[in-house]
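Please open the model in your viewer and keep the sequence panel beside it.

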Amino acid sequence: MANDEEVFAYAVIGREHVGKTSLITALCGQEQNASECPVMCGYHKNKAIVLFDFPPFGTSVYPTHMFIERFDLDKRLYQGLILVCDQDLTDDDICILSTLRSNFRRVIIVRNKVGSIIQLDRTLCSEGHNPKDVFSQCKYSTRKHFSACRPDRIFVLDSFDTDRFQFKDLDDYLQNGHMVRPIPNRICM
Ligand SMILES: Nc1nc2c(ncn2[C@@H]2O[C@H](COP(=O)(O)OP(=O)(O)OP(=O)(O)O)[C@@H](O)[C@H]2O)c(=O)[nH]1
Ligand SMILES: [Mg+2]
């Protein structure tokens with residue numbers, strides 16, 4: 001991995017099917033296409049940043065405690081961590097964040113799939129349904145659940161609806177929120 005004055009590498013992790021790959025695809029504008037694991041993806045809007053798509057933790061293949069060691073996440077190979085979730089905090093999320101928090105210069109929590117939650121609320125409570133309230137509730141509960149883990153930022157968004165919610169805020173943060181020197185002509189996948 002390149003020296004950390006030149007590149008800010010984010011490990012994008014989360015439980016199974018929370019939308020890690022979809023988020024990276026939406027941010028990077030392309031499908032990842034590599035067999036190595038974790039999969040590296042260049043973020044073209046800020047060439048100083050690369051995102052690494054990890055396999056899920058908390059599975060029978062990678063139980064949470066094994067996941068950290070298996071991928072050397074405790075070795076400071078990555079500068080940033082993006083934890084993706086699609087509901088409130090689980091024990092696996094807490095375990096990962098509390099074990100790893102101090103190893104990363106920046107920790108971002110992304111609560112994904114908020115569009116689906118709004119859709120579900122619309123179906124279940126057609127009377128009195130208010131999408132803004134559902135979004136605010138998701139933001140509030142995500143903040144509440146994750147505050148003890150001291151994330152730098154929390155974004156509530158939907159990777160399939162990038163014009164709404166906080167997708168653009170995350171995109172802006174990644175584009176502008178890093179004082180790292182870009183690498184011109186980096187070859188990205
Ligand atoms: N509605 C909605 N569905 C999503 C979103 N992100 C992902 N999905 C769906 O969730 C499922 C899992 O998405 P992936 O992006 O493969 O999730 P992942 O975390 O990379 O999955 P694994 O790598 O297998 O753990 C797929 O069926 C996606 O279509 C989202 O923002 N909104
Ligand atoms: Mg994936």
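Residues are numbered from 1 along each chain as its sequence is written, and chains are lettered from A and ligands numbered from 1 in the order in which they are written.

Start with ligand 1 and select its shell, taking a residue as near if its C-beta atom, placed from the backbone, lies within 6 Å of the molecule. This shell holds 16 residues, the closest being G19, T21, S22, P56 and S159.

Next, colour by secondary structure, where helices (H or I, at least four residues) and strands (E, at least two) are DSSP runs numbered from the N terminus. The protein chain has 6 helices and 6 strands, which follow one another along the sequence as β-α-β-β-α-β-α-β-α-α-β-α.

Now select α6, residues 167-176, in which F167, L170 and L174 are buried, that is, with 20 or more other C-beta atoms within 10 Å of their own, whereas 12 or fewer makes a residue exposed and counts in between make it partly exposed, with C-beta atoms placed from the backbone. Viewed down the helix axis, the buried residues of α6 fall within an arc of 65° (taken over the directions from the axis to the C-beta atoms), so they line one face of the helix. On the face turned away from that buried side are the exposed residues D172 and N176. The cover over the buried residues of α6 includes α1 (20-28), β3 (49-53), β5 (106-111) and β6 (153-156).

Then pick A11, which, leaving aside residues up to four places away in sequence, touches F52, F54, L73, Y78 and L81; contact here requires C-beta atoms, placed from the backbone, within 7 Å.

Finally, colour by pLDDT, the predictor's confidence in each residue, from 0 to 100. The mean for the protein chain is 89, and 89% of its residues reach 70 or more. Over residues 185-189, however, the pLDDT is below 50, and this stretch has 10 contacts in the model beyond near neighbours in sequence. Where pLDDT is low, the predicted coordinates should not be read in detail.

Notes. This is a predicted model: local features need pLDDT of at least 70, side-chain atom pairs count only at pLDDT 80 or more; totals for chains, interfaces and linings use all residues. Two residues are in contact if their C-beta atoms, placed from the backbone, lie within 7 Å.
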